[in-house]
Amino acid sequence: MDEPYTDRGDRGYLLNNQQAEAGVRFGALAELFDPVTFRHLDRLGLGPGMRCWEVGAGGPSVPLGLAERVTPTGTVIATDLDTSWTRDVAGGAIEVLAHDVAADPPPPGAFDFVHARLVLVHVTDRAEALRRMVGALRPGGWLLLEDADPLLQPLLCPDESGPEQRLANRLRSGFRTLMAARGADLAYGRTLPRVLREAGLTEVGADAYFPITSPACAVLEDATVRQIRPRLVAEGLATDEEIDHHLTNVATGTLDLATAPLISTWGRRA
């Protein structure tokens, strides 16, 4: 799975935003998934004058895309536990705030759109986080949640045709093991339509997307493995030699690398 939600420090989040690889990951995730995110937001009617809350913003691409659509009179509140990669885009329509979606009150005021991508799968109290996001919507406002479901498609190389692909899939299995140990729900994405209906939202719909091969998938895999390498080795999930071999294989560009499905689900507050 490929998820950008920020560092939780002693709360155990696996991918630390303080590492240089985080910026590389955010760029790759933007290339892979921003077209999906904005296709949904545009279809749901995002436009000038609207007020948006971007939850767990991670990198700058989604706040900037939201601001482009809501200007000149709209606003974007971009929040995250760690704002290292978004603070530089603050100004104009964008306000950046350090914020814990499961523990802190929502930013004041009602929102026309609330969006979170690859966030709730990592939040231990995801039900409370969802309650706060739904409560922040104005009547008629839209919530768009996008989360991965690594158990729905668990393979880095769906075409497991040789030893390189088998090694890649074994390391991806190790990544899932580390994520689950830190409270990630690896089957959360598929629950989103039901979760939004149970939260009282209407006009609920969903779809799923995952690339099977893309240069951005290779960039994302390289940065992710470099970030989690010490933990893979410490937990006995891979050796340094195996990781070096895998990174070399990724660099060749000959592996057809995939991501976990990104399940996008939307609903409207009555």
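1. Arg 226 is partly exposed, with a relative accessibility of 41%; here buried means under 20% relative accessible area, exposed over 50%, and partly exposed in between, using a 1.4 Å probe and protein chains only. Its salt-bridge partner is Asp 222, with the closest N and O atoms 2.9 Å apart. A salt bridge is a side-chain nitrogen of Lys or Arg within 4 Å of a carboxyl oxygen of Asp or Glu. Asp 222 is partly exposed too, at 23% relative accessibility. Both residues belong to helix 6 (residues 215-234), four residues apart, or about one turn of the helix. Helices (H or I, at least four residues) and strands (E, at least two) are DSSP runs, numbered from the N terminus.

2. A word on the source: residues are numbered from 1 along each chain as its sequence is written, and side-chain values use heavy atoms, with hydrogens and water left out. This is a predicted model, in which local features need pLDDT of at least 70 and side-chain atom pairs count only at pLDDT 80 or more, while totals for chains, interfaces and linings use all residues.

3. Back to the charges: the structure holds 14 salt bridges. One of them joins Arg 138 and Asp 112, with 2.3 Å between the closest N and O atoms. Arg 138 sits in strand 5 (residues 137-148) and Asp 112 in strand 4 (residues 111-117), so this pair ties together parts that are 26 residues apart in sequence. The Arg 138 end is partly exposed at 31% relative accessibility, whereas Asp 112 is buried at 13%.

4. Arg 131 is exposed, at 52% relative accessibility, while Glu 128 is buried, at 17%. Together with Arg 132, these two residues are linked in a network of salt bridges.

5. Next, the aromatic rings, which form three pairs. Rings of Phe, Tyr and Trp (its six-membered ring) pair if their centres lie within 6.5 Å; planes under 30 degrees apart count as stacked, over 60 as edge-to-face and the rest as tilted. Phe 33 and Tyr 209 are edge-to-face, at 6.2 Å centre to centre and 90° between the planes. Since Phe 33 lies in helix 1 (residues 21-43) and Tyr 209 in strand 6 (residues 202-209), the pair ties together parts 176 residues apart in sequence. Phe 33 is buried at 2% relative accessibility, and Tyr 209 is partly exposed at 31%.

6. Trp 53 and Phe 111 make a tilted pair, 5.8 Å centre to centre with 35° between the planes. This pair links distant parts of the chain, with Trp 53 in strand 1 (residues 51-55) and Phe 111 in strand 4, 58 residues apart. Both Trp 53 and Phe 111 are buried.

7. Two arginines are placed over aromatic faces. Arg 43 lies over Trp 266, at 4.3 Å from the ring centre, and Arg 126 lies over Tyr 188, at 5.3 Å from the ring centre. The criterion is NZ of Lys or CZ of Arg within 6 Å of the ring centre and within 35 degrees of the ring normal.

8. Trp 53 turns up again in the largest nonpolar core, which has 25 residues; Trp 53, Val 114, Leu 120, Leu 130, Met 133, Leu 143 and Leu 145 touch the most other members. A nonpolar core is a set of buried Ala, Val, Leu, Ile, Met, Phe, Trp, Tyr and Cys residues joined through side-chain atoms within 4.5 Å. Strand 1, strand 4, helix 3, strand 5 and helix 5 (192-198) each supply at least two residues of this core, and helix 3 gives the most, with four. Leaving aside residues up to four places away in sequence, the contacts of Leu 145 (heavy atoms within 4.5 Å) include Ala 116, Leu 192, Leu 196 and Ile 263.

9. Just after helix 4, Gly 183 takes a positive phi of about 95°.
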